[in-house]
Amino acid sequence: MSEAASAQVTLANSTALLPSLGPLLHEWLPRQRWFAGKGRSITAFSLVSATEILPVDRADDDRAPGLLHLLVRVHQPTMPAQPPVDCYQLLLGVRSAPPQHLAPALIGRVPDGPLAGLTVYEGLHDPHLAALLLERLRTPGRLGAVCFDRGPEPIPQDLPPRVLDTEQSNSSLVYGNSYILKIFRRVFPGTNPDLELPLALSREGCGRVPAPVAWFEAATPERLTLGVLQPFLPGAQDGWQLALRALATGHDFLAEAHALGRATAEVHTALAAALPTPVLRRSQTDELAAAMVERLEAAAHAVPELVPYVPGLRTAFDAVAALGHRGRSWAAQRVHGDLHLGQTLRGADGFWSLIDFEGEPARPLPERRSPQPPVRDVAGMLRSFDYAARSHRPWKPEWAARCRDAYCDGYAEAAGADPRAEPELLRAHETDKAVYEVLYEARHRPDWLPVPMAAIHRLASGTVR
Ligand SMILES: Nc1ncnc2c1ncn2[C@@H]1O[C@H](COP(=O)(O)OP(=O)(O)O)[C@@H](O)[C@H]1O
Ligand SMILES: O=P(O)(O)O[C@H]1O[C@H](CO)[C@@H](O[C@H]2O[C@H](CO)[C@@H](O)[C@H](O)[C@H]2O)[C@H](O)[C@H]1O
């Protein structure tokens, strides 16, 4: 970005900004779907960076609104297994009198400080500002703390933006049904795997994942990935909706489950070719099992319903450690990390793609980026068939069991290795996933807690299906 553009950044050192915005954010943040700290009180905010992507100009509201990019640390009293402070990315529109169509996006009028008298709102809902973000991505460079970058492919101009209206952990804008820009909300030091892995897969020639065409990062001392622009798959339907429809209409989902198994295996093969593939020997297997035990204990601390099952669930992790002690080793590699039916998209032509390589949002980034046995993703999908079958009345366990087999068959055909051939490893990963789900549901969707709890009941008794 030109020096002139950098010079527009006038609020970056403003210590007065957060004291005046704080009360508004305190009220607004916990109501956002993507806010991970729900249920915990916010004790303080601190500013990591403030960048005027479009200068905040209070002189004349008929001119372009301001777009203020903030990275804000939100301090909350800790709970087990949660960091005390999370960093969030905010894109605030700033106007003296926002037009009526922006009413649902309003955050509030700032009473004092550098933005005194101006109204701030969720900037992504302002088409003018959403269009500006695409323009920044088309023309790479640095603006204050934010660096925009892109691949070699040209990106067309003036594609009309719309905010994607789905339940999400982050926020997405769709441009003219051609591209989707995912804006990460809770951000972490280091490269987000949702940029790193799709880039690696595209370099490897794997067409199962939409390849990033542009991205932006924070140039704070450690790089933070802030957003990724990828091709939008128009007319695609996600695997979760398709599975529920199949259940509702009394259809099986075997051909789809099989194709999903193949797609997963192709992605794994490409990731193994692109990135390191360490072998997990005895000590690493011990670490893998110990980490699972630790997550189980933390989850049981947070969700007391788990406590009676802890000894039974632990046997799954102990079995893997015992195999390691008897000399068994396993190949590890980078994986998706949070694979479930909702992370799969079937295009209008029937071709399956995988999306959202961020990993489990609640885990620390270094852990999400560490190589793991690929069966971790297989276990995630197997759990997802169980979720689908359980969310339908009457419960159809045999529907899930058939899907699980078809998925593993498809995987084995394309990977040359059947995940069912390692039953201890598969059970340990399914157990670990179900434990994660219990914690996830307790925090985000308590009504869904019985779904993973049913699996916990089954897995604690050593039954795999
Ligand atoms: N390339 C794409 N083409 C079409 N739709 C997409 C694409 N990527 C994501 N989506 C849609 O956006 C939703 C959210 O994307 P996702 O990456 O899962 O975000 P989050 O991490 O916020 O949950 C998906 O469920 C899917 O419906
Ligand atoms: O927001 P993400 O998609 O990254 O993932 C989180 O939310 C998922 C729910 O939306 C959650 O998935 C769980 O519920 C799904 C049904 O809604 C089911 O298909 C999955 O198997 C189950 O794990 C996911 O765990 C969580 O990380």
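Colleague: Which helix gives the most to the shell around ligand 2, and what makes a run a helix?
Modeller: H12 gives the most, with 3 residues. A helix here is a DSSP run of H or I with at least four residues, numbered from the N terminus. This is a predicted model: local features need pLDDT of at least 70, side-chain atom pairs count only at pLDDT 80 or more, and totals for chains, interfaces and linings use all residues. Residues are numbered from 1 along each chain, ligands are numbered from 1 in the order in which they are written, and side-chain values use heavy atoms, without hydrogens and water.

Colleague: What makes a residue part of the surroundings of ligand 2?
Modeller: One of its heavy atoms must lie within 4 Å of the ligand. 14 residues surround ligand 2, with Ser169 and Tyr436 among the closest.

Colleague: What about Asp356?
Modeller: Its side chain has an N or O atom 3.3 Å from an oxygen atom of ligand 2. For an oxygen atom of ligand 1, the distance is 2.9 Å.

Colleague: How are the residues around ligand 1 classed?
Modeller: The shell divides into 8 nonpolar, 4 polar and 3 charged residues. Asp, Glu, Lys and Arg count as charged; Ala, Val, Leu, Ile, Met, Phe, Trp, Tyr, Cys and Pro as nonpolar; the others, Gly among them, as polar.

Conventions. A polar contact is a pair of N or O atoms within 3.5 Å; within protein, one must be able to donate a hydrogen and the other to accept it, and residues adjacent in sequence count only if both atoms are side-chain atoms. Helices (H or I, at least four residues) and strands (E, at least two) are DSSP runs, numbered from the N terminus.
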